[in-house]
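Thanks for coming, everyone. Let me put the structure up, and then we will walk through it piece by piece.

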Amino acid sequence: MNDLFRIRSARDCESSRGFTLVELLVVIAIIGVLVGLLLPAVQAAREAARRCSCSNNLMQVNLACHNFEFSHEHLPSGSISESGPIVNEPVGQHVGYLVQLLPYIEQQGVADQFDIELGTYDPANAPPRALAISSFLCPSFPHSHTDESQLGLTNYAGCHHHVEAPIDEENTGLLFLNSRVRYGDIYDGSSHTILIGEMLPSLRSLGWASGTRASLRNTSVISDMRVWNSEREILDDEIDKAFVGAFGSAHQGGANFGFADGSVRFLTQNIDPELYSNFGNRSDGAMMGEEYR
């Protein structure tokens, strides 16, 4: 009798060591729910880190513009070229502001390879144009080169005008055709005027070195990846060559902007359109409020 009791007790112990199928499914379901809750938080944390890194890159380019101004007593030209308006074609000198900033962002070696007098599209300048410079790229944007990987891209564009208009010498922004804007020319105040901002470049872009829509934009709207993806199917020959385009970013809800006072701010897509347009005009005389929605 005692032996039979011991055998049953041993069987009960062995059976209690495992899991039933129902218990296993419940555990798997709980783990799945926890992973589902955790994954968006991890993605949000990663995007927050990328946005912070992007802001730091923008700050470095902004600081380079200030150092350039200290050395030359004017901001860099948005585009150095013989005449305007600038069109989005590889014809002309078209030396962009980022080329002029190379010595001020610890890229002297790249600057030494670039001959400004020859113009951006000269074959001699092809090697430096092909480089993807990390300081010119937003970590949230998935591309660093054009479709053919021949040219490096940039996500940081100079503000040439306050509305959509061709790049020319009469633009109202801070970086435009043959511009030599001094801080005394910023009538509205440097804290109320956008110097540079994020943009979403075309994968058929003329590259970061080109002083065209490849490195200049206006404060008409703030675009996003959804719009960028929808426009990727449009061929360059279907777009007006004088079209420049607006700022935009791969971040959710807005984009980072560097103002002329050296600050970097995140402007949302629901910002008041008139206020946003005023930020792109250095001397419109508009009174600026303190709230940036």
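**The sheet**

Start with the open sheet: 6 strands, mixed pairing, in the order β6-β5-β3-β4-β7-β8. β6 (246–248) and β8 (264–268) are at the edges with a single partner strand each, so one side of each has no neighbour in the sheet. From one strand to the next, the twist averages 50°. That angle uses axes fitted as lines to C-alpha atoms, for helices over the stretch in contact, and runs from 0 to 180 degrees between N-to-C directions.

Some ground rules. This is a predicted model, where local features need pLDDT of at least 70 and side-chain atom pairs count only at pLDDT 80 or more, while totals for chains, interfaces and linings use all residues. Residues are numbered from 1 along each chain as its sequence is written, and side-chain values use heavy atoms, leaving out hydrogens and water.

Helices (H or I, at least four residues) and strands (E, at least two) are DSSP runs, numbered from the N terminus. The protein has 7 helices and 8 strands. Two strands pair if DSSP finds at least two bridges between them.

Now the pairings. Strand β5 (residues 216–223) runs parallel to β6, over 3 bridges. There, isoleucine 222 has phenylalanine 247 of β6 as its bridge partner. Strand β3 (residues 156–161) meets β4 in the antiparallel sense, again with 3 bridges. Tyrosine 156 sits opposite glutamate 198 in β4. β4 also pairs with strand β7 (residues 254–259), antiparallel, over 3 bridges. In that pair, isoleucine 194 faces phenylalanine 259 of β7.

How covered is strand β4 (residues 194–198)? Mostly: 5 of its 5 residues are buried. Buried means under 20% relative accessible area, exposed over 50%, and partly exposed in between, with a 1.4 Å probe and protein chains only. Across the 293 residues of the protein, 45% count as buried.

**Helix α2**

Next, helix α2 (residues 21–72), which holds asparagine 62. Asparagine 62 is buried, at 1% relative accessible area. Beyond its neighbours within four places in sequence, asparagine 62 contacts Leu195, Ile196, Gly258, Phe259, Gly262, Ser263 and Val264. Contact means heavy atoms within 4.5 Å.

Glutamate 47 is in helix α2 too. With neighbours within four places set aside, glutamate 47 touches Ser140 and His251. Glutamine 252 is 205 residues from glutamate 47 in sequence, yet the C-alpha to C-alpha distance is 9.0 Å. For the protein, take contacts between residues at least 6 apart in sequence: 69% join residues at least 24 apart.

**Salt bridges**

How many salt bridges does the structure hold? There are 2. The criterion is a side-chain nitrogen of Lys or Arg within 4 Å of a carboxyl oxygen of Asp or Glu.

One joins arginine 226 to aspartate 224, with the closest N and O atoms 3.9 Å apart. Arginine 226 counts as exposed, at 61% relative accessibility. Aspartate 224 is buried, at 14%.

Another links aspartate 261 and arginine 265, with closest N and O atoms at 3.5 Å. Aspartate 261 is partly exposed, at 36% relative accessibility. Arginine 265 is buried, with a relative accessible area of 15%.
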